[in-house]
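Trainee: I would like to go through this structure and ask what stands behind each label. Please show it first.

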Amino acid sequence: HYPATLFAIGKLAAANRTQLDNTLSLLNADQIKKLMKQFKWEVGYHIFSHADLATLSLDELRIEIVTE
């Protein structure tokens, strides 16, 4: 097993697929839990939807950064 850190997006349904620039499937909560338990991966919080932060208003930034 190799140590790793995964940065998860806050909500899959809100994922900005255009900004991610891919159509690959994203990990769901059960898959992430398995990586944590079985492989001891560390999980960090990315942002809510992977939006381009430079283009957002203060209210939108708050949602991206603070929303869980």
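Trainee: In which helix of the protein chain is confidence lowest, and in which is it highest?

Mentor: This is a predicted model, in which local features need pLDDT of at least 70, side-chain atom pairs count only at pLDDT 80 or more, and totals for chains, interfaces and linings use all residues. Residues are numbered from 1 along each chain as its sequence is written, and side-chain values use heavy atoms, leaving out hydrogens and water. Confidence is lowest in helix 1 (residues 17-20), at a mean of 70, and highest in helix 2, at 93. Here pLDDT is the predictor's confidence in each residue, from 0 to 100. For the protein chain the mean is 84, and 94% of residues reach 70 or more.

Trainee: What makes a stretch a helix or a strand, and how many of each does the protein chain have?

Mentor: Both are DSSP runs numbered from the N terminus: helices are H or I with at least four residues, strands are E with at least two. The protein chain has 3 helices and 2 strands, in the order β-α-α-β-α along the sequence.

Trainee: Why is the pair Arg62 and Asp59 called a salt bridge?

Mentor: The term requires a side-chain nitrogen of Lys or Arg within 4 Å of a carboxyl oxygen of Asp or Glu. The N to O distance between Arg62 and Asp59 is 3.0 Å, so the pair qualifies. The search of the whole structure finds 1 salt bridge. Both residues lie in helix 3 (residues 58-66), 3 residues apart, about one turn of the helix. An α-helix has 3.6 residues a turn, so residues three or four places apart point the same way.

Trainee: Is Asp59 buried or exposed, and how do you know?

Mentor: Buried means under 20% relative accessible area, exposed over 50%, and partly exposed in between, with a 1.4 Å probe and protein chains only. Asp59 has 53%, so Asp59 counts as exposed.

Trainee: Why is Glu64 called buried?

Mentor: Glu64 has 6% relative accessibility, which is under 20%, so Glu64 counts as buried. Glu64 lies in helix 3. Not counting residues up to four places away in sequence, Glu64 touches Tyr45, Ile47, Phe48, Ser49, His50, Ala51, Leu53 and Leu56, where contact means heavy atoms within 4.5 Å. Across the protein chain, buried residues make up 19% of the 68 residues.

Trainee: Which residues make the nonpolar surface patch?

Mentor: Leu53, Ile65 and Val66 make a patch of about 260 Å². Patch residues have over 30% relative accessible area and no salt bridge; like charges are joined within 9 Å, and nonpolar side chains (Val, Leu, Ile, Met, Phe, Trp, Tyr) within 5 Å. Val66, in helix 3, has a relative accessible area of 55%, so Val66 is also exposed.

Trainee: What is noted about phi of Lys40?

Mentor: Phi of Lys40 is near 60°, a positive value in a residue other than glycine. Lys40 follows helix 2 and lies in the loop between helix 2 and strand 2. With a relative accessible area of 64%, Lys40 is exposed.

Trainee: Why is Ala54 called exposed, and where does Ala54 lie?

Mentor: Ala54 has a relative accessible area of 75%, which is over 50%, so Ala54 is exposed. Ala54 is in the loop between strand 2 (42-45) and helix 3.

Note on methods: Areas by Shrake-Rupley, 256 points an atom, 1.4 Å probe, with all protein chains shown as cover.
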